[in-house]
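Please open the model in a viewer and keep the selection tool at hand.

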Amino acid sequence: MKVLKFGGSSVANAQSIQKVANILQKTSYKKIIVIVSALGGVTDKLLQAGFLASNSNETYKDILLSIEKRHIETVKSLLPVTAQSACLSKVKQQFNELEDICEGVFRLNELSKRTQDKIVSYGELLSSLIISNFLQTQNINNEWLDSRELIKTNSNFGFAAVDFVNTNKLIIEKINSTSQNIFLAPGFIASNADNQITTLGRGGSDYTAAIFANAVNATDLEIWTDVTGMMTADPRWVSNAKTIKNISYQEAMELSHFGAKVIYPPTIQPAMQKNIPIWIKNTFASDEYGTLIEQNVRHDDNVVTGISSINQIALLSLEGSGMVGIPGFSKRLFEALATEKINVILITQSSSEHSISVAINVIDFEKAKQATDTAFEYELKIGLLEPLKVETELSIIALVGDKMKSHQGIAGRMFAALGRNGINIRAIAQGSSERNISAVIANTDVKKAVNVLHEAFFESTYKQLNLFIVGAGNVGSKLIDQINQQQSYLLQNLNLQVRVTGIANSKKMLFVDNGNDIDLSKWKDLLQNGESMNLASFVETIGIKNLRNSVFVDVTANTAVANIYHQLLSKSISVVACNKIAASSTYTQYKQLKNLSKAYDAAFLFETNVGAGLPVIGTLNDLIKSGDKINKIQAVLSGTLNFVFNNYDGTKLFADVVKQAQEEGYTEPDPRLDLGGTDVMRKIMILAREAGYKIEMEDITNNGFLPEECFKGDVNDFYTSMAKYESHFKQLYNEAANKNCKLKFVANFENGKAAVGLQHVPEDSDFYHLYGKDNIVLFYTERYPEQPMVIKGAGAGADVTASGVFADIMRVIR
């Protein structure tokens, strides 16, 4: 014999019920028991009607009328006209009884648990009556069983405990008393010894099916729902969640206990007791395999079977020196909670016995606090215990898997993944079976945490990176175009999904909702229609979205943007900066950002601060990490200045050459930062700091070549002044040319001191054959004392700078 249960979504309307009939017609079993829930959403409506009636609100009548209308329409849609009259008469009779009960509640202004059970029982009674009649019209002859007469419980209304000895006897006697092969019964409902209606808890129709399966020693129990089995995580949160094909009873119990709503937790025990396989199947995709729950399971290669969570919990913490070494404190705490019928979800205790914490449903926390304060009134009064600490707005996330007990490092991987994404853990618990590791976290982090852990333990297919880009000018636009070009390649070849989820320029900012990313083929138009840019709001939105593997990308030269890096890093959001301002700020600020990066495991990368796309800082870091020491650095670090002096020969104005450099995108927005040496000073300082030296801007000697007047006024005044001093620039060129030298703006760092300035470079110098916008850096180290390590290439330009930023983004995921 097989038992099949169809949930509310499977019997929500006439079309769904027709699918149920199709499934039953295909079954190969001669004897079956079918358990059905109320039509989808009806139980909630009945509870609402009862609540309104108890508060003297006559709108309960409107709700009852809408429920009645729905059931009548379902009958008319399913049954042929000739078969409707008798069924409609029974439906009307049931609603007359229901109206009388609700009117009594209305008059008394009272809704007891017992009366509430009676009201909600009509959902399953009505659905089972209609479906039984419909199946008869489909030549599926069946006998309707009254679960109230067969399942006996105690009088704990709302969540009654089953008397299995008596129940099994009644079910077996009923099944054996008839020659019928197909039976249909309402789920969820039962009765006590006085034949008063009780219910088995929300989701109790699953439990009803398991009770029948246990009683008749069924060969299979099938739970039909609207999803294709149990999933590795909630598919509403994790788009890449996978169906778990095979799972053990114990794993299924753990997952269902921690919030997996596909199966009602008490369902598993009666089936496991008789070793009855449980199938989770999809009514709307009946040919899919689904999930098989059984005793002996052959798992795939995944150590973790699934991830689940419980939202809206409260954490109660009892602590104090009076607990240490004194037996019975835990017992008294649990007794106090048990007396108030408060379920404890998670327990954790410090090894010092100084504190114990328990997680409960948030709706119970006030009752729990009162019970605990009463139980420990004396200890609290004399100071042996601290006042009970109650924390709300929390959730529990759990990793579940039978194979976890035989694998080391699972907890480490779990906590490392959460930590990298800035998810704080309030409490930790692990069962002695090692089948479950649970952590208490903030409600606001639970969706992110589920995605982070799913990526860490299941998604060998791809990892996700979420980018928030500020700066959509020349370099920023090139970067976005490069990302758009490479997205499919990265996904197909590196299993990396790079999503741009926020873009901003100085005027507008753009975000997308519902877990999508921005369509980069039309990002300019989308940004143009975005909301007004507000940096504080942009940063706040990143926090609210709380996406895993978030990266803030600064492609500006803006001080205000650089000043918010610390906020991002302290939330474990990585920062990739094309902007030099942060790394070249005071040494204290620079060091603070580096320390935050380390403390919160968030990358702070700024490769393009020196040499655009050249691997200068990365190479320097590799030298230091491998144990080398930097003794001296010589470099030409300004692509702008190199371009200018490579193209100036006195035949055209120096100002025109600078203007050309600006028009081709080689200069800073204010070219004086380049020509005045400030930009080169910043770069050599950054290199010195990365080499391990403490240095400030004022420690660097700047042997500039621009007349003082060029620094006065705005950029237009700057060009006017340069034209005025053309003879000065021509003299600089001629002096170098007469010595067969070239002019190069060179940065030097040696013995902890740095200097920048214009130099005459002879033909035998490494700097002589440096053309166009190229940069060159020479590292003299303990391992490279005489023949330096040389890095040379294009050191300016939007394309190469954007590619350097892109490379830093790739380093974040590594």
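Predicted model: local features only at pLDDT ≥ 70, side-chain atom pairs only at ≥ 80, totals over all residues.

Residues are numbered from 1 along each chain as its sequence is written, and side-chain values use heavy atoms, with hydrogens and water left out. Helices (H or I, at least four residues) and strands (E, at least two) are DSSP runs, numbered from the N terminus.

**First pair**

Select residues 60-78, helix H3, and residues 81-108, helix H4; their axes come within 11 Å and cross at roughly 170 degrees. Axes are lines fitted to C-alpha atoms, for helices over the stretch in contact, and angles run from 0 to 180 degrees between N-to-C directions. H3 is therefore roughly antiparallel to H4 (angles over 145 degrees). Their crossing is right-handed (the near helix is turned clockwise from the far one by less than a right angle). On the H3 side, the contact (heavy atoms within 4.5 Å) includes Tyr60, Leu64, Ile67 and His71; on the H4 side, Val91, Phe95, Leu98 and Phe106 are among the residues involved. The residues of this contact comprise twelve nonpolar, two polar and five charged. Here Ala, Val, Leu, Ile, Met, Phe, Trp, Tyr, Cys and Pro count as nonpolar, Asp, Glu, Lys and Arg as charged, and the others, Gly among them, as polar.

**An enclosed helix**

Next select residues 446-457, helix H15. Ten of its twelve residues are buried, so H15 is largely enclosed by the rest of the structure; buried means under 20% relative accessible area (1.4 Å probe, protein chains only). Among the buried residues are Val446, Lys448, Glu455 and Phe457.

**Second pair**

Move to helix H22 (residues 616-625) and helix H26 (residues 678-690), whose axes come within 10 Å and cross at roughly 25 degrees. H22 is thus roughly parallel to H26 (angles under 35 degrees). Display Val616, Ile617, Leu620, Asn621 and Ile624 of H22, which meet Ile686, Leu687 and Glu690 of H26. This contact divides into six nonpolar residues, one polar and one charged.

**Two loop residues**

Finally, select Asn217, in the loop between helix H8 (204-216) and strand E7 (220-225). Asn217 has a positive phi of about 50 degrees although it is not a glycine. Ser572, also not a glycine, has a positive phi of about 60 degrees. Ser572 lies between helix H20 (565-569) and strand E22 (574-577), and counts as buried at 8% relative accessibility.

Conventions:
Parallel < 35°, antiparallel > 145°, perpendicular 65-115°, else oblique. Buried < 20%, exposed > 50% of the residue type's maximum accessible area, 1.4 Å probe, protein only.
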